[in-house]
Amino acid sequence: MLHTLYRTLWYFAPALIRRYLRRRAKKAPAYLEHWGERFGEPLANPVLHPIWIHAVSVGETRAAQPLITELRQYFPDAPLLLTQMTPTGRATAQNLFPDAQCRYLPYDKPAYVRQFLNEHRPRFGILMETEIWPNLMNTCRKENIPLFLANARLSEKSQQGYLKIRPLVASALKGLSGCYAQTAADAERLHFIGASHVHVCGNSKYDITPPLEMSHLAETFRQHIGERPVVVCASTRDHQGVDEAELLLNAWRSYKGDALLVIVPRHPERFQTAYDSAIRYGFRTQKRSEEQKVAADTQVWIGDSMGEMFAYYLAADIAFVGGSLVNTGSQNIIEPIACKLPTLFGPSTYNFTEAASGALAAGAAVQIPNAEEWRQTVSDWLAHPEKMRPYQEQAESFINKHRGASKRMAERIAEALEAV
């Protein structure tokens with residue numbers, strides 16, 4: 001019954017999705033670009049027989065990078081196809097993989113799925129993290145296209161949602177050639193909703209290293225900023241009417257030193273909002289996009305750019321990871337720790353539960369309950385730099401302890417394909 005209902009809904013869903021995308025485009029016009037790719041229109045020059053990686057947005061695309069590096073050891077001559085669902089994910093993929101074909105994955109209507117698979121005929125496919133598309137997964141099984149779920153994670157909240165439609169989800173997951181979970185808890189939850197061939201391999205985000213060009217850009221940032229301390233608030237989010245950047249800016253009004261606060265919103269449509277908020281709170285504010293030196297009396301610098309997060313981290317002295325003061329589960333807490341930054345994050349960390357608890361246990365990060373505690377901790381660290389050193393010293397050992405997931409996943413994928 002669920003399978004029939006799901007297939008039937010896809011005859012009506014495209015019209016609703018088009019309306020949704022037009023609404024999104026009012027704030028982010030890029031959602032109107034490459035429209036046909038989402039709705040089954042033929043691609044002009046589709047790459048044939050590629051390794052196909054589906055990574056929804058920025059975080060999943062970055063997480064795919066070390067895995068792709070390992071896979072190319074086994075398949076050096078195979079072309080690469082990357083699919084995404086968001087404009088920021090697509091832009092990240094084009095930047096990280098200039099030799100790949102990058103496009104949107106069509107929605108899960110059976111006709112769209114068949115068109116996509118017939119165009120590309122992938123050697124095999126990899127869905128990054130938590131992407132369950134029943135029609136796509138079932139069609140891959142019928143067409144004998146091996147499909148893997150890699151760097152897989154599943155929160156308790158998501159598990160409860162999938163359990164409501166378990167027959168539909170379980171039949172899709174059972175067709176996977178392999179499911180490689182980040183943690184034992186993820187593996188257990190994935191198995192509970194129907195996944196088989198589940199193995200714990202770790203999190204490929206520990207294998208990411210800052211690109212050399214980001215180090216060069218960080219030097220440029222530092223030249224623009226000067227010798228002042230830098231506090232970066234990365235990937236700030238808004239949720240249910242609460243703007244994380246607003247919370248941080250409001251707390252920062254009590255800060256008395258000369259440190260530069262850098263706010264980098266997670267989504268481009270929030271760049272101007274963050275700038276306007278800083279002005280409204282009375283801060284002297286500049287934007288990164290102005291490409292000018294940061295004036296000595298500037299208090300807030302808005303990081304209105306995409307794909308440069310490592311540069312912001314490498315130019316900073318302290319990091320706060322967004323998405324954790326509002327209830328969105330936190331953005332990537334691993335990246336700033338990998339840059340050896342004293343790192344803070346808020347109470348909402350369900351997207352990085354094990355990484356957060358591990359970092360806290362290792363003394364590589366600090367969790368704060370609210371924006372005021374964040375401001376007080378940052379002020380204390382800036383006044384007493386020696387308090388930051390233990391976090392910097394623990395960062396490298398914490399990251400190194402968890403490296404190797406990408407290699408383990410690539411090995412298992414190669415072994416599974418040999419057995420076919």
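Visitor: What kind of β-α-β unit do β6, α10 and β7 make?

Guide: A crossover is called right-handed if, with the strands pointing away from the viewer, the path from the first strand over the helix to the second runs clockwise. Strand β6 (residues 178-181), helix α10 (residues 184-192) and β7 form such a right-handed unit. Helices (H or I, at least four residues) and strands (E, at least two) are DSSP runs, numbered from the N terminus. This is a predicted model, in which local features need pLDDT of at least 70, side-chain atom pairs count only at pLDDT 80 or more, and totals for chains, interfaces and linings use all residues. Residues are numbered from 1 along each chain as its sequence is written, and side-chain values use heavy atoms, leaving out hydrogens and water.

Visitor: In which sense do β6 and β7 pair?

Guide: Two strands pair if DSSP finds at least two bridges between them. Here β6 and β7 (residues 198-200) are parallel, with 3 bridges; C179 stands opposite V198 of β7. On its other pairing, β6 is joined to strand β5 (residues 147-152), also in parallel, by 3 bridges.

Visitor: Are the residues of β6 buried or exposed?

Guide: Buried means under 20% relative accessible area, exposed over 50%, and partly exposed in between (1.4 Å probe, protein chains only). G178 and Y180 point one way and C179 and A181 the other, and all are buried.

Visitor: Which residue does UniProt list for "active site"?

Guide: Annotations in UniProt may be inferred rather than shown by experiment. The unreviewed entry lists E60, which is located in helix α4 (residues 58-74). E60 is buried, at 16% relative accessible area.
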